[in-house]
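Please look through the structure shown below before reading on.

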Amino acid sequence: MKSESGSLVTLAAFFAVTSLFAVGGGNSVIPEMHRYAVDVQHWLTGRQFADSFALAQLTPGPNLIIVTLIGYHVAGIVGAVVATLAMCGPTSMLAFIVGRASERFTGAAWHGALTRGLVPVTLGLTAASATVIVSVADYNWVAAAITLATACIALFMRVHPLWAFAAAALLGLAGLV
Amino acid sequence: MRSPAGPPVSPPAPPQHAANVPAAAVPAPSIVELFLAFAAISLSGFGGVLAWARRIMVERRRWFTAEEFNEAFALCAFLPGGNMVNFAVIFGSRMRGPLGALAALAGLLGPPMILIIAVGALYAHYGDLPALRRMLTGVAAAAAGLMIATVAKMARPLFRLPSKNPAMIAPLVAVATFVAIGILHWPLPLVLLVIVPVSIGAAFRNIEVRR
C-alpha cells in the first residue's frame, strides 16, 4: 500500500499547486493536467484523458469535475475525493479571504488592471486547452465534421450544446465515427 | 421549481434583461437553502453553470442584485481556481459566513462528484465496449468543438480593439500564452510567472495613459 499512499500525496500536491495557476477557471489547466497525468506520471493514456474530458462535459456540474475523474483513475474513490479537495481547497481559502476584503477594493485602478491583464492570458490558456482536447480525440472525417459542426452550433445558433453531444453520440453509435 | 436533474432543459435566458431586477429585498438564505441552491445550479448546468447561477440567484430568488452578482463574478474570474467554486465560497460567506461558504461548496461539488464517480466506475468496467467507445469518440469530438467555440467567443472582443488603443499587447499576450503552453508544452507555473506580470503591467499602464 506504500505506493498507493505515495500516489495520493503526489495527486494532492499536483492539484493543489496547479489550482493556484488556474487563471480564469478550471479549463485553463487542461494542458497542464494532460502534460502531467498522461506524459509525466502515465496515470492515463491519451485516449482515457479524452474520454474523461468528454464524460466530465456530459455530467452536470462545474467543468473542473474532470479532476475527480482523474483522481478516481489513480486511486479509486479515495483518489477522487483527494484530487477534488486538493483542486478546490487552497483556491477556496483564497476566495474566502479575498471575498471578505474585496468590498473595499472594487473600483480601484489596479483592480481593473488585474482583471484586464488576466483576460488575454485566460484566452491563450483556453486556446491551448482546445488544442490539447483536439489532439487527444480520435479523428477521422466524420469526427472532424462533428467538431466543426458543434463549434458552429455553439457560436451561431441558440441551441443547447447538449443536443450536439446527443447527436454526436448517436453518430458514433451508428458506427460513423 | 423545475426538477434540477430532469431531462435536457432549455438554455437559460440571455442575461441582459436581468439589469432591471430590483434590489434584493428578501432575507438571506439559510444554510440548507444555500446547499440546495448550489446543488440545483450545479446539476442544471451542463458545461457552463454561470447562466444558471444568475437565473437562480438574481432573477428567481433575488438573494443578489444584478450589480452584486456582476461584482462578485468579476472577482471570481480573476481569482485562481474554478469560477463557480470561487463564486460559491464568496456568495456563501457573504450570506452566512464560513459555514455558508462550506454549505454552498458542498452543494456545488457533492452531487456532481457522486455522479462522476458513478460514471467513472461504469467507464472502468464498460469503457472498452465497442458501442460505448464509438459513442464516446463522437462526444469527445463534439466536446472539442464546444471548446473551440468558447475560445472564439473569448477572442472576439480582444482582437477587435479600437485602433487608437495602446493595449494592442493583449492579443500578443494571448498568442504568446497559447504558443508556450499549447505548442511548446512549457510548464504552466513558469509561463504564468513571466506572462502574468507583463500583461497586468501593460493593462495598468494603459489605464494610466488614458487618464
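At what angle do α3(A) and α4(A) pack, and how far apart are their axes? The angle is about 135 degrees and the axes are 9 Å apart; axes are lines fitted to C-alpha atoms, for helices over the stretch in contact, and angles run from 0 to 180 degrees between N-to-C directions. α3(A) is therefore oblique to α4(A), where angles under 35 degrees count as roughly parallel, over 145 as roughly antiparallel, 65 to 115 as roughly perpendicular and the rest as oblique. The crossing of α3(A) and α4(A) is right-handed (a crossing is left-handed if the near helix is turned anticlockwise from the far one by less than a right angle, and right-handed if clockwise). On the α3(A) side the contact is made by Gln48(A), Ser52(A), Phe53(A), Leu55(A) and Ala56(A), and on the α4(A) side by Ile66(A), Leu69(A), Ile70(A) and His73(A). Residues are in contact if their C-beta atoms, placed from the backbone, lie within 7 Å. By class, 6 residues of this contact of α3(A) with α4(A) are nonpolar, 3 are polar and none is charged; Ala, Val, Leu, Ile, Met, Phe, Trp, Tyr, Cys and Pro count as nonpolar, Asp, Glu, Lys and Arg as charged, and the others, Gly among them, as polar.

The model is predicted: local features need pLDDT of at least 70, side-chain atom pairs count only at pLDDT 80 or more, and totals for chains, interfaces and linings use all residues. Residues are numbered from 1 along each chain as its sequence is written, while chains are lettered from A and ligands numbered from 1 in the order in which they are written.

Chain A has 7 helices and 0 strands; helices (H or I, at least four residues) and strands (E, at least two) are DSSP runs, numbered from the N terminus. The C-alpha atoms of chain A fill a box of roughly 55 × 50 × 25 Å along the principal axes.

Next comes the meeting of the two chains. In chain A, 91 residues are in contact with 87 residues of chain B. The largest share of the chain A side, 23 residues, comes from α5(A). By class, that side has 57 nonpolar, 27 polar and 7 charged residues.

One helix pair between the chains is α6(A) with α5(B), residues 130-158 of chain B, packed at about 40 degrees with axes 7 Å apart. That angle makes α6(A) oblique to α5(B). The crossing of α6(A) past α5(B) is right-handed. Among the residues making the contact are Ala143(A) and Ile146(A) of α6(A), and Thr137(B) and Gly138(B) of α5(B). This contact of α6(A) with α5(B) has 14 nonpolar, 5 polar and 1 charged residues.

Within chain B, α1(B) (residues 31-44) and α4(B) pack at about 45 degrees, with axes 7 Å apart. They are therefore oblique to each other, and their crossing is right-handed. The contact of α1(B) with α4(B) has 17 nonpolar, 5 polar and 1 charged residues.

Helix α4(B), residues 83-126, is not straight in its course: a kink of about 145 degrees lies at Arg96(B), shortly before the proline Pro98(B). The bend at a residue is the angle between axes fitted to the seven residues ending there and the seven starting there.

Key:
Contact = placed C-beta atoms within 7 Å. Expected span 1.5 Å × (residues − 1).
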